[in-house]
Amino acid sequence: MSDETKYENTEQSEQSEQSGQSAADAPVRFDTKIAVLLREDLETWQRLNVTAFLVSGLGTALPEVVGEPYQDADGTAYLPMFRQPVLVFEGGKEAVTAAHERAVRRGLPTAVFTTDLFGTGHDRANRAAVAAVGKDRLDLVGIAVHGPRNSVDKVLKGARMHR
């Protein structure tokens with residue numbers, strides 16, 4: 001955890017105690033952001049599928065974004081999930097292409113989903129479809145990106161929150 005996040009969490013805990021809230025109820029401000037940007041012309045099932053695939057890439061490559069496993073009151077164990085919210089945005093084809101270029105240029109961890117992946121049936125075919133096209137010619141329908149809040153905000157310039 002960064003010093004900034006530790007400071008923010010401590011400050012929020014102190015404010016919560018003063019207001020009668022428990023530290024667990026206090027809002028947390030993360031120093032990083034997880035965001036998905038989807039092309040606005042996708043069908044609902046495509047938006048859901050693309051989002052699921054994209055965030056799986058971030059969770060496997062960046063273990064620090066994943067929290068601890070869950071457990072219910074009966075002791076049933078559940079898988080861990082991201083430790084922070086995933087914000088979903090939408091935009092036109094140009095917005096997704098521009099965001100991809102900015103994310104790559106900034107060196108941010110980025111996952112991509114192209115139109116070709118709707119026609120493939122497994123991971124090897126997915127990777128082959130992406131490998132067959134240069135980065136500037138990918139027909140992107142979505143990207144996921146993780147990084148410092150300000151950097152991710154700059155990458156997503158021109159996109160809007162998904163509705």
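I began with Arg39, whose relative accessibility is 11%; it counts as buried, because buried means under 20%. I note that the model I consulted is a predicted one.

**Entry 1. Surroundings of Arg39**

I looked up where Arg39 sits and found it in strand 1. Which side chain makes a polar contact with the side chain of Arg39? I found that of Asp139, at 3.1 Å. I then turned to the backbone and saw that the oxygen of Leu140 lies 3.1 Å from a polar atom of the Arg39 side chain. Leaving aside residues up to four places away in sequence, I listed the residues that Arg39 touches: Arg47, Gly91, Gly92, Lys93, Val96, Thr115, Asp139, Leu140 and Val141.

In what order do its strands stand? I read the order as 5-6-1-4-7, in an open sheet of five strands with mixed pairing. Strand 5 (110-114) and strand 7 (160-161) are at the edges; each has a single partner strand, so one side of each lacks a neighbour in the sheet.

I also recorded how helix 3 (residues 93-106) is placed: it packs on the sheet and touches strand 1, strand 4, strand 5 and strand 6 (140-148). The direction of helix 3 makes about 40° with that of strand 6.

**Entry 2. Two pairings of strand 4**

I examined strand 4 against two of its neighbours. Strand 1 (residues 32-39) and strand 4 (residues 86-91) run parallel and are joined by six bridges. In this pairing I located Leu38 opposite Glu90 of strand 4.

How many bridges link strand 4 and strand 7? I counted two, and the sense of this pairing is antiparallel. Here Phe89 stands opposite Met161, a residue of strand 7.

**Entry 3. The whole chain**

Of the contacts in the chain with a separation of 6 or more, 74% come from residues 24 or more positions apart.

Conventions
Residues are numbered from 1 along each chain as its sequence is written. This is a predicted model: local features need pLDDT of at least 70, side-chain atom pairs count only at pLDDT 80 or more; totals for chains, interfaces and linings use all residues. Side-chain values use heavy atoms; hydrogens and water are left out. Two strands pair if DSSP finds at least two bridges between them. Helices (H or I, at least four residues) and strands (E, at least two) are DSSP runs, numbered from the N terminus. Contact means heavy atoms within 4.5 Å. Axes are lines fitted to C-alpha atoms, for helices over the stretch in contact, and angles run from 0 to 180 degrees between N-to-C directions. Buried means under 20% relative accessible area, exposed over 50%, partly exposed in between (1.4 Å probe, protein chains only). A polar contact is a pair of N or O atoms within 3.5 Å; within protein, one must be able to donate a hydrogen and the other to accept it, and residues adjacent in sequence count only if both atoms are side-chain atoms.
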